[in-house]
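Dear colleague,

Please find the structure below, which I am handing over to you for your reference. My findings come directly after it.

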Amino acid sequence: MTTTDSDLDLSPIGNCQVSALIDRQARFVWGCVPRVDGDPVFCALLNNNRDDLGLWSVEIAGQVRAEQRYERNTPVLVTVLTAEDGSQLEVTDFCPRFQRSGRMYRPVSFVRRIKPLRGHPAMRMALRPARDYGASLAETSHGTNHVRYLTGDQALRLTTDAPVGYIVENRFYRVESDQHFFLGPDEPFVGNVRTEIRDMLDRTMRYWHLWVRGLATPPEWQEAVIRSAIALKLCQHEETGAIVAALTTSIPESAGSERNWDYRFCWLRDSYYTVQALNRLGALDVLEKYLAYLRNIVDRSIGGRIQPLYSIMGDAELEERTAPALTGYRGMGPVRVGNAAWEQVQHDCYGQIVLPTVQAFFDQRLLRMADESDFCSLEQVGEMAFAMHDQPDAGLWEFRTRAEVHTYSSVMSWAACDRLAKVAQRLGKPDRERFWRDRARAIRATVMERAWTGSEDDGHFTASFQSDYLDASLLQLVELRFIDPHDPRFLSTFRHIERELRRGQHMLRYAAEDDFGRPETAFNFCTFWLIEALQLVGREEEARQLFEAMLAHRTRSGLLSEDLDFETGELWGNFPQTYSLVGMINCAALLSRNWSAFR
């Protein structure tokens, strides 16, 4: 599916507790324990793909080819390795996830099954977990059927029915029957490893088949939507409900740019878009868990004040530092741990608390619907939205050295007040409904007065109240229901955005110089916003063509990273990126014909 060979041609596996990225040669090159923001025991991706530290590889003697696929509608990955003599090995990788003893079994574990398919394959396995962000190899000891690794955050144990000596000494040996490998907590493995892993695989496959079966997918581009939905679910930490922006840190937005950020945290903005997309597919389990996470965030807030991101456990302080032992993606450091954006002021976050929570007041399918006490808590957030709607912030693009009153943030504040009025109406509170409607009207008037430049016929909304430059977030004014897509003011703004920000089939976030210079790559989510806008203004065929072009840039695993070189088509930025996956889902839902067209 991909048009270029890329170091980001990776396939995620996971179970909503841990995850790993596996390359085309069946090597674990990225994965953290005991959760996605933990120590990367597999860190070769950010260390020039060294083969002596931070990876788990399987090699067949005389290898000439590797073919890879997911088991249908699952994150279970199958790689077939072929040798020059025709011998073949099948490697199946997954993280267990299924119901057991009345709860979801999702251990801090990675599982591999090696199966000889043809001939007499000889295999060599190297398991070299790192510790302390690549500072050293994990200390190792072993017994008859296991190997123990002292990693930084959690000791791990590999339990196997393969010859342990061959694994420890990294020797080639002939594989004459199925072999099984369970890398998990440093505790005895209960039961027969072969029987248990086969059962785990069957039950994990069953879980994902049933989850996908419950999705309300559009009839066109189903495969792309399903693969995106599965990857989005893997970005949720089920214990708390938090949704991370991506599974990685420090993949640069463009070559040598030093725009390297740690995305293994829960941005309220990214999570809002994620649950919005999955809600369109009917994946209420992700929404329900995330709403519980939000309730905890609101409960801990002081006077309704919210910051733009939190750890997956809800921690507020995410001190940013570098990991000096890791050289970075393709040697392009620095590798950052933590994210200083937690200290930024970003006023759109208030709307992104309110908007997903509002559904809980209306949707009777939810196990826990919101009540009046939730509304009272949410009103505190609304008060902050109103107070901050005309105050400067870093904006959704998180500028580090300047602050302005960003139009997107103000419109998000409007949306918060507008939706609170709807909730008040639902709860039968006419006084509060009038209160929030008046506040929404006041914000709308401010935006219309201060965020418009030029003539009525050929002017445009501006990215901020203080300047006349454009950014792609202005396309979201339609999605937020602030303005109709056929309103002359939106159509004029869209014309200006295309002229300034469109680069062929792709879209920049903004063209103006920022803290690191001018952007050099397109932002994939913004390209999907462009596609949506084209459809909404009546340019349907062009929208479909651009969508197909974007799908052609997916990795072989069917996914996208954050950014794309609009000249070469190469993927950049953290991977897989929730924004980009959301864009695929939303565009497919908008552009697809309905099911009746296929009957």
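Predicted model: local features only at pLDDT ≥ 70, side-chain atom pairs only at ≥ 80, totals over all residues.

Residues are numbered from 1 along each chain as its sequence is written, and side-chain values use heavy atoms, with hydrogens and water left out.

An open sheet is formed by 8 strands in the order 6-7-8-11-19-17-16-15, with antiparallel pairing. Strands are DSSP runs of E of at least two residues, helices runs of H or I of at least four, both numbered from the N terminus; two strands pair if DSSP finds at least two bridges between them. Strand 6 (63-70) and strand 15 (139-142) each have a single partner strand, so one side of each is left without a neighbour in the sheet. Strand 7 (residues 77-83) and strand 8 (residues 88-94) pair over 6 bridges, and Val 78 stands opposite Thr 92 in strand 8.

The search of the whole structure finds 0 disulfides, a disulfide being a pair of cysteine sulfur atoms within 2.5 Å. For Cys 43, the nearest cysteine sulfur, that of Cys 32, is 9.0 Å away. Cys 43 is buried, with a relative accessible area of 0%; buried means under 20% relative accessible area, exposed over 50%, and partly exposed in between (1.4 Å probe, protein chains only). Cys 587 is also buried, at 0%.

Finally, Asp 563 lies in strand 31 (residues 563-564).

Yours sincerely
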